[in-house]
Amino acid sequence: MINFSNFKSIISVINYFHNEEICKNALIEARWGDDVVCPHCGKHHCTRRADGRFRCNACKHNFSCLTGTIFENTKLPLQKWFVAMYLISSHKKGVSSCQIMRDCEVMQKTAWFMLQKIRSLYGITDEIALDGEVEMDEMYLGGRGANKHESKKTEGTQGRSTKTKTPIFGMQQRNGNVVAMKVENTQGATIMPIVNQFVEEGATTYTDEANIYNKLTENGYIHEFVNHSQREYVRASDIHTNGIEGFWAHFKRVIFSTYHMVSKDYLQRYIDEQAYRWNTRKQSESSRFEDMFKKAVKSFDYTDVLSLSSVVSIEHFREYRVMYYNLWKSTHCA
Ligand SMILES: [Zn+2]
């Protein structure tokens with residue numbers, strides 16, 4: 001049995017996973033234990049072959065411990081994958097593909113694909129429910145018009161305009177989890193279904209005065225708000241949105257300092273990564289690595305995206321599924 005609490009540093013990961021056989025045995029143990037299950041048909045009658053692969057006696061497919069995981073068809077030693085997983089899960093501000101390129105001695109393109117695959121693990125979470133006291137806020141990612149060169153400015157993009165900025169909506173249970181996602185716009189009609197999906201009825205919600213939150217009360221929530229436009233940030237000591245704003249501040253620092261620029265297509269992955277990091281902030285590096293390791297051996301099934309925290313509507317689901325599937329396919333040739 002691997003004792004994940006021993007992985008207290010990157011050196012311990014490199015030392016332990018020093019050959020491919022140890023890496024594969026670790027994957028087999030984390031994925032199946034002694035009870036190997038065929039990833040093709042789900043039956044338990046599988047035999048180990050002389051070459052270390054498995055054969056299903058029911059459907060006659062051959063498979064390995066990598067089949068159906070993020071490592072399938074990889075040409076890299078697994079040690080490099082595990083090192084990348086450890087780095088991304090232990091660095092509070094994330095790791096860029098240039099850093100992985102240097103640390104794992106791979107091409108930058110390969111490093112980018114590795115990171116995207118590892119990031120895809122963060123999105124696959126069980127349904128998160130927020131309850132008790134929940135703060136909500138929106139954030140707009142994209143440069144401030146005032147800081148741009150004259151030729152690159154677009155008229156009317158201040159404040160909540162989404163012409164050149166991407167809106168992100170976030171909710172945080174006080175002393176609990178964050179759920180955040182890229183949204184098309186920040187209108188009440190877009191936001192309310194998301195709130196209904198993740199926040200338990202009867203919860204106390206804290207927002208600013210924006211009218212997108214007008215319907216919280218009639219949707220069964222207690223609604224308290226502060227008036228930011230009147231420079232009111234805290235009322236009666238507990239009415240504020242400082243928690244979720246702290247998450248935004250951290251998220252922006254990571255995007256600007258580590259990743260510099262993030263394409264809109266992949267933005268949700270970076271949000272998921274930061275939300276995961278935030279939600280596991282009280283765990284040790286080794287337990288976060290263990291959690292990622294266990295996520296990584298789950299078969300990749302793109303219908304899983306249905307249960308993704310980031311999916312808010314069936315249109316969104318389709319878009320997400322296509323994106324995941326394309327990435328999944330493209331990584332096979334990387
Ligand atoms: Zn089978």
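## Strands and Helices of a Predicted Model

Me: How many bridges join S4 to strand S7 (residues 204-207)?

Reply: S4 and S7 run parallel. Two strands pair if DSSP finds at least two bridges between them; strands (E, at least two residues) and helices (H or I, at least four) are DSSP runs numbered from the N terminus. Within S7, the bridge partner of Glu135 is Tyr206. The number of bridges joining S4 to S7 is three.

Me: Which residue of S5 is the bridge partner of Glu135?

Reply: S4 and S5 run antiparallel and are joined by eight bridges. Glu135 takes part in this pairing, and its partner in S5 is Gln172.

Me: How many residues are there in the protein chain, of which a share is buried?

Reply: Residues are numbered from 1 along each chain as its sequence is written, and side-chain values use heavy atoms, without hydrogens and water. The model is predicted, with pLDDT of at least 70 needed for local features and 80 or more for side-chain atom pairs, while totals for chains, interfaces and linings use all residues. The chain holds ten helices and eight strands. Buried residues (under 20% relative accessible area; exposed is over 50%, partly exposed in between, with a 1.4 Å probe and protein chains only) make up 46% of a total of 334.

Me: What is the average twist from one strand to the next in the sheet of five strands?

Reply: This open sheet has mixed pairing and the order S6-S5-S4-S7-S8. Its edge strands, each pairing on one side only, are S6 and strand S8 (222-225). Axes are lines fitted to C-alpha atoms, for helices over the stretch in contact, and angles run from 0 to 180 degrees between N-to-C directions. From one strand to the next, the twist averages 20°.

Me: What angle does the direction of helix H6 (residues 188-198) make with that of S5?

Reply: S5 pairs with S6 in the antiparallel sense over five bridges, and Gly170 has Ala180 as its bridge partner in S6. H6 packs on the sheet, touching S4, S5 and S6, where contact means heavy atoms within 4.5 Å. Its direction and that of S5 make an angle of about 30°.

Me: Why is S4 described as largely enclosed by the rest of the structure, and how many of its nine residues are buried?

Reply: H7 lies across S4, S5 and S6, running at about 35° to S4. S4 is described as largely enclosed because of the count of its buried residues, which is eight.

Me: Is Lys165 buried or exposed?

Reply: Lys165 is found in the loop between strand S4 (133-141) and S5. Its C-alpha is 5.8 Å from that of Tyr140, although the two are 25 residues apart in sequence. With a relative accessible area of 10%, Lys165 is buried.

Me: Is the crossing of H3 and H4 left-handed or right-handed?

Reply: Helix H3 (residues 78-90) and H4 pack with axes 10 Å apart at an angle of about 135°. They are therefore oblique, since angles under 35 degrees count as roughly parallel, over 145 as roughly antiparallel, 65 to 115 as roughly perpendicular and the rest as oblique. A crossing is left-handed if the near helix is turned anticlockwise from the far one by less than a right angle, and right-handed if clockwise. The crossing of H3 and H4 is right-handed.

Me: How many nonpolar residues are in the contact of H7 with H8?

Reply: The axes of helix H7 (residues 242-259) and helix H8 (residues 267-279) come within 11 Å and cross at roughly 120°, so H7 is oblique to H8. Residues in the contact include Phe247, Phe251 and Ile255 of H7 and Leu267, Ile271 and Trp278 of H8. Ala, Val, Leu, Ile, Met, Phe, Trp, Tyr, Cys and Pro count as nonpolar, Asp, Glu, Lys and Arg as charged, and the others, Gly among them, as polar. By class, the contact has one charged, four polar and, as nonpolar residues, ten.

Me: What is the phi of Glu105?

Reply: Most residues other than glycine have a negative phi. Glu105 is found in the loop between helix H4 (97-104) and helix H5 (108-123), and at 65% relative accessibility it counts as exposed. Although Glu105 is not a glycine, its phi is positive, at about 55°.
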